[in-house]
Structure formats: structure tokens, C-alpha cells
Amino acid sequence: MDLAKFNDLDIVLVCGLPGSGKSRFASGVFKESGRRRVGRQEIRRMLYEMTTFGDPWSEERYSAVDEVLVKHVERK
């Protein structure tokens, strides 16, 4: 597959079913082009650390209440 057209894009949104290879695709192809993958996990970490003044985030600190905000940030 020719992926040269990706170099002209500012944002690439990858969607698919769980386990369909989105992360694998993004980690390989996007890394080569200098892009950064941002997923919900990364958004959760950033929001938590911003609102707790740098307190490190971990899975145990996940709150389902915040998921609405995570999805909002992801869509924006």
C-alpha cells in the first residue's frame, strides 16, 4: 500500500473494531512519518495530570465519571 499521501495530512483519524490493528498500524506507519499517536489512554493521563498539578496518573486512578470529558477531547 502506498502511504505517501499521509505526509500531506495534518490529522489522521484511525477507526475500527477492537483488536483490528489500529494501534499497530499507527505505531508503525505514523512513527516513520514523525507523527504522534494520541489515544484515549493518553488523553486520560494528560487530563488527570493537568487537574492534579502533575500527580502521576495510573490505571487505578481511572474514574468512569471522567470518560465523557475524555471522549469530548478526543472528538475535538
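1. Met50 is exposed, with a relative accessible area of 60%; here exposed means over 50%, buried under 20%, and partly exposed in between, with a 1.4 Å probe and protein chains only. You'll find Met50 in helix H2, residues 40–51. Helices are DSSP runs of H or I with at least four residues, strands are runs of E with at least two, and both are numbered from the N terminus.

2. Before going further, a word on the source: this is a predicted model, where local features need pLDDT of at least 70, side-chain atom pairs count only at pLDDT 80 or more, and totals for chains, interfaces and linings use all residues. Residues are numbered from 1 along each chain as its sequence is written, and side-chain values use heavy atoms, with hydrogens and water left out.

3. Val38 itself sits in the loop between helix H1 (22–32) and H2. At 47% relative accessibility, Val38 counts as partly exposed. Setting aside neighbours within four places in sequence, Val38 touches Ile43 and Met46, where contact means heavy atoms within 4.5 Å. Ser23 is 15 residues from Val38 in sequence, and their C-alpha atoms are 9.9 Å apart.

4. An α-helix has 3.6 residues a turn, so residues three or four places apart point the same way.

5. Is Leu47 buried or exposed? Leu47 is buried, at a relative accessible area of 18%. Apart from neighbours within four places in sequence, Leu47 contacts Leu69, Val70 and Val73. Lys5 is another matter: it is 42 residues from Leu47 along the chain, with 32 Å between their C-alpha atoms.

6. H2 has 12 residues and spans 16 Å from first C-alpha to last, close to the 16 Å expected at 1.5 Å a residue; the expected span is 1.5 Å times one less than the number of residues.

7. Just after H2, have a look at Phe53: its phi is positive, about 55°, although Phe53 is not a glycine. Phe53 lies in the loop between H2 and H3 and counts as exposed, at 79% relative accessibility.

8. Stepping back, the chain has 3 helices and 0 strands. Its radius of gyration is 15 Å, well over the 11 Å that the globule rule gives for 76 residues, so the chain is more spread out than a compact globule. That radius is taken over C-alpha atoms, and the rule is 2.2 Å times the number of residues to the power 0.38. The C-alpha trace spans about 45 × 25 × 20 Å along its principal axes, and buried residues make up 16% of the 76.
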